[in-house]
Amino acid sequence: MENSEPSPTPEDAAAALVEAEASRTHLAGTLALPSFFYAAIGAAVAVQIATAAFSITDDRVWAPIRLGGVALFVLVAAIQLVRFRQLNGVRLGGLASRVVLGTATAASISYAFALGASAWAGFNRRWWLVIVCAVAGGAAYALSGRRWWRRYQGDPASHSRGESAGWIAILGAVAIAGLVLLVLER
Amino acid sequence: MTGLDPGIQAPARLKLMTMLTAVSEAEFSTLRDSLNVSDSVLSKHVAALVSVAYVKSRKGVHLGHRTTWISLTTKGRKALSAHVAALRELIAGVE
């Protein structure tokens, strides 16, 4: 490592900082989401909520359908993240966890609320309401993602990182345990 | 100047590391195009930053081509924060 670099003047330091921050802002500004990104994620979440609600409330639901919603979500999420990486040449942890996996507060709350409301509708045999709640949950999830994206574009350094791998592993383990229970209990 | 990190003092390296704070990992050509430098210049800067463990690189595939993915390490993130703080002190000293 070279140590011969002369100390910068305050003007040089200010210029270097401004340039570096402008480069970061430019990079974040050039990133684009794949086409139909929010629509795909929102639809996958809506299907997942609906199939989960039907599974919880109706014994007649066939096992593959119970898992189908989760499988579809995992497939759509993986495809969207690969498309994003191919389109931009970057990987963005914040997008994967906050937007796709829904760890952003708004996404988590709207998902839990929509799932609870869908299950309630299912127990009351109001199937149309299950669909309405699932669609609303998917839309709220997608809107939460859009909100995160705007925040990221405004301050990329603060929002680029996702949850830690350990936390994602815990969430994944809880989700898998829930799925296993869903299949075994029925 | 105390606090300034000689490994990041070159403007291109400061830009490179600052850009990496916006993503988890970036492909070599994405960084090269954003920095508007040649392959060899970027390779030199990346190698220097890898040698002090400020960034890490791994081989991968992008759009069917073999490529290099580059990311900031925890050590690099801390070094960048300290360097930026030192630059801000330097600037504030004359204001």
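What percentage of the 95 residues of chain B count as buried? In this predicted model, the share is 39%. For chain A, buried residues make up 36% of the 186 residues.

Chain A contains eight helices and one strand. The C-alpha trace of chain A extends over about 75 × 30 × 25 Å along its principal axes. The radius of gyration of chain A is 21 Å, whereas a compact globule of 186 residues would have a value near 16 Å. Of the contacts in chain A between residues at least 6 apart in sequence, 74% link residues at least 24 apart.

Helix H4 of chain A, residues 93-100, is mostly covered, with seven of its eight residues buried. These buried residues are Gly94(A), Leu95(A), Ala96(A), Ser97(A), Arg98(A), Val99(A) and Val100(A). After H4(A) comes Gly102(A), which has a positive phi, near 70 degrees.

A positive phi is also found at Arg125(A), with a value of about 60 degrees, although Arg125(A) is not a glycine. Most residues other than glycine have a negative phi. Arg125(A) lies in the loop that connects helix H5 (105-123) with helix H6 (127-154) of chain A. Arg125(A) counts as exposed because it has 10 C-beta neighbours inside 10 Å, and a residue with 12 or fewer falls in that class.

Chain B is built from four helices and three strands. From the N terminus on, these elements follow the order α-β-α-α-β-β-α. Taken along the principal axes, the C-alpha atoms of chain B fill a box of roughly 50 × 25 × 20 Å. Among the contacts in chain B between residues at least 6 apart in sequence, 54% join residues at least 24 apart.

Two loop positions of chain B were examined. Asn36(B) is located in the loop between helix H2 (28-35) and H3 of chain B. The phi of Asn36(B) is near 60 degrees, a positive value in a residue other than glycine. Asn36(B) has 10 C-beta neighbours inside 10 Å and therefore counts as exposed. Val52(B) is placed in the loop between helix H3 (39-51) and strand E2 (55-62) of chain B. With 16 other C-beta atoms within 10 Å, Val52(B) is partly exposed, because the count falls between the limit for exposed residues, 12 or fewer, and that for buried residues, 20 or more. Val52(B) and Ser38(B) are 14 residues apart along the chain, and their C-alpha atoms are separated by 22 Å.

The contact between the chains involves 29 residues from chain A and 32 residues from chain B. On the side of chain A that touches chain B, the elements giving two or more residues are helix H1 (10-30), helix H3 (63-88), strand E1 (90-91) and helix H7 (156-159) of chain A. H1(A) supplies the largest share of this side, 13 residues. By residue class, the side of chain A that touches chain B comprises 13 nonpolar, nine polar and seven charged residues. The chains also meet through strand pairing: E1(A) and strand E1 of chain B, residues 25-27, pair in the antiparallel sense over two bridges. Within this arrangement, Arg91(A) stands opposite Glu25(B) in E1(B).

In soluble globular proteins, nonpolar side chains tend to be buried together. The largest nonpolar core in the model has 64 residues, and the members touching the most others are Ile49(A), Ala53(A), Ala134(A), Met17(B) and Leu20(B). Helix H2 of chain A, residues 37-57, gives the most to this core, with 10 residues. Apart from residues up to four places away in sequence, Ile49(A) touches Ala114(A), Leu115(A), Ser118(A), Ala134(A), Gly137(A) and Gly138(A). One of these, Ala134(A), is itself among the core members that touch the most others.

Methods:
Residues numbered from 1 in each chain as written. Chains lettered and ligands numbered in written order. Predicted model: local features only at pLDDT ≥ 70, side-chain atom pairs only at ≥ 80, totals over all residues. Rg over C-alpha atoms; globule rule 2.2 N^0.38 Å. Contact = placed C-beta atoms within 7 Å. Nonpolar A, V, L, I, M, F, W, Y, C, P; charged D, E, K, R; others polar. Pairing = 2+ DSSP bridges. Core = buried A, V, L, I, M, F, W, Y, C linked by C-beta atoms within 7 Å.
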